[in-house]
Amino acid sequence: TPTSPPATETGNDPVQAMVVGAPDFIAGAKKAPEAPAKTIELRRESKLAPEILLIASSTGGPTALLTVLEGLSPSVTAPILIAQHMPPAFTAALAENIEKKCGRPSGEGKDGEILEPGHVYVAPGDKHMVLEQDGDAVRVRINDDPPENFCRPSADPLFRSAAGIFGAKILVTVLTGMGSDGEAGSRKIAEAGGTVITQNEETSVVWGMPRAVAQAGLCSHVLPLPQIASRLNKLAGK
């Protein structure tokens with residue numbers, strides 16, 4: 001049974017109060033007109049165990065992120081990288097909030113650091129976060145490349161860079177948000193054999209980003225927010 005959209009009541013959390021239910025921090029962005037209903041074709045999941053978990057989110061994202069991350073089993077030890085549309089300063093607070101409430105080491109991604117199991121890396125506000133292979137290690141790279149989809153950070157460059165390194169061993173989740181950021185990157189991941197999961201319309205504050213990915217036929221599941229963590233646990237838990 002579909003659940004109701006998450007409430008926008010945010011209590012005393014400054015990160016959530018800044019973002020949940022509010023317009024994206026994208027200069028000149030306009031809400032796309034409602035598209036007619038379209039049949040969603042699902043893909044098969046990858047048969048390979050994921051070595052990395054990527055999450056894209058925007059409007060309503062902080063609440064959705066916490067719901068997903070708090071529901072993850074300790075057996076999920078893959079690095080988790082997040083592209084949440086947020087301005088500078090607020091991404092550091094988001095990372096702190098994730099660590100406090102989810103018990104996972106979390107912080108803004110730092111240029112040159114090596115990915116560590118079980119750690120959460122949040123793309124810094126107004127920066128892109130991508131990945132680079134360095135021998136047997138994978139490093140985070142932070143850059144000032146032009147915005148994509150009116151966004152910086154954007155999910156697409158993160159997804160593209162990961163697809164070239166991890167291939168079918170990628171697990172992606174696209175959560176609530178305006179626009180279509182993540183669609184092009186999800187296509188690269190799907191073509192590489194990875195698995196993409198999106199949040200459904202009923203539980204999204206704005207069903208823009210997940211709709212774009214789902215209607216492009218790139219995902220294996222379209223799930224209510226409360227069910228996403230259990231699916232990630234099944235796919236990525238050891």
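Visitor: What should I know about the model before we start?
Guide: The model is predicted, so local features need pLDDT of at least 70, side-chain atom pairs count only at pLDDT 80 or more, and totals for chains, interfaces and linings use all residues. Residues are numbered from 1 along each chain as its sequence is written, and side-chain values use heavy atoms, with hydrogens and water left out.

Visitor: How many disulfides does a search of the whole structure find?
Guide: The search finds 0. The test asks for a pair of cysteine sulfur atoms within 2.5 Å.

Visitor: Why is Cys102 called buried?
Guide: Buried means under 20% relative accessible area, exposed over 50%, and partly exposed in between, with a 1.4 Å probe and protein chains only. Cys102 has 17%, so it is buried. Cys151 is also buried, at 3%.

Visitor: What makes strand β1 largely enclosed by the rest of the structure?
Guide: Strands are DSSP runs of E with at least two residues, helices are runs of H or I with at least four, and both are numbered from the N terminus. β1 covers residues 52–57. Of its 6 residues, 6 are buried, so the strand is largely enclosed.

Visitor: Which residues cover each face of β1?
Guide: Ile52, Leu54 and Ala56 are buried on one side. Leu53, Ile55 and Ser57 are buried on the other. In a regular strand the side chains alternate between the two faces of the sheet.

Visitor: How do you know that β1 and β7 pair?
Guide: Two strands pair if DSSP finds at least two bridges between them. β1 and β7 (residues 170–174) have 5 bridges, so they pair, and they run parallel. Leu53 has Leu171 in β7 as its bridge partner.

Visitor: What joins β1 to β2?
Guide: β2 (residues 80–84) pairs with β1 over 5 bridges, in the parallel sense. Ala56 stands opposite Ala83 in β2. From β1, the chain crosses through helix α2 (residues 61–70) to β2, and this β-α-β crossover is right-handed. That word applies if, with the strands pointing away from the viewer, the path from the first strand over the helix to the second runs clockwise.

Visitor: What is the strand order in the open sheet?
Guide: The open sheet has 7 strands in the order β3-β4-β2-β1-β7-β8-β9, with parallel pairing.

Visitor: What makes β3 and β9 edge strands?
Guide: β3 and β9 (221–223) each pair on one side only. For β3, 3 bridges join it to β4, and the two run parallel. Glu108 stands opposite Val122 in β4.

Visitor: Which strands does α4 touch, and at what angle does it run to β1?
Guide: Contact means heavy atoms within 4.5 Å. α4 packs on the sheet and touches β1, β2 and β7. Its direction makes about 165° with that of β1. Axes are lines fitted to C-alpha atoms, for helices over the stretch in contact, and angles run from 0 to 180 degrees between N-to-C directions. Helix α5 (residues 183–191) lies across β1, β7 and β8 (195–199), at about 150° to β7.

Visitor: Why is the pair of Arg141 and Asp111 called a salt bridge?
Guide: A salt bridge needs a side-chain nitrogen of Lys or Arg within 4 Å of a carboxyl oxygen of Asp or Glu. The closest N and O atoms of Arg141 and Asp111 are 3.4 Å apart, so the pair qualifies. By this rule the count comes to 9.

Visitor: What parts does the pair of Arg141 and Asp111 tie together?
Guide: Arg141 lies in strand β6 (residues 137–143) and Asp111 in the loop between β3 (106–108) and β4 (120–122), so the pair ties together parts that are 30 residues apart in sequence. Asp111 touches Val140, Arg141 and Ile142, not counting residues up to four places away in sequence.

Visitor: What makes Asp111, Glu132 and Arg141 a network?
Guide: Salt bridges link them. Arg141 also forms one with Glu132, with the closest N and O atoms 3.1 Å apart.

Visitor: Why are these residues called partly exposed?
Guide: Arg141 has a relative accessible area of 27%. Asp111 has 48%. Glu132 has 35%.
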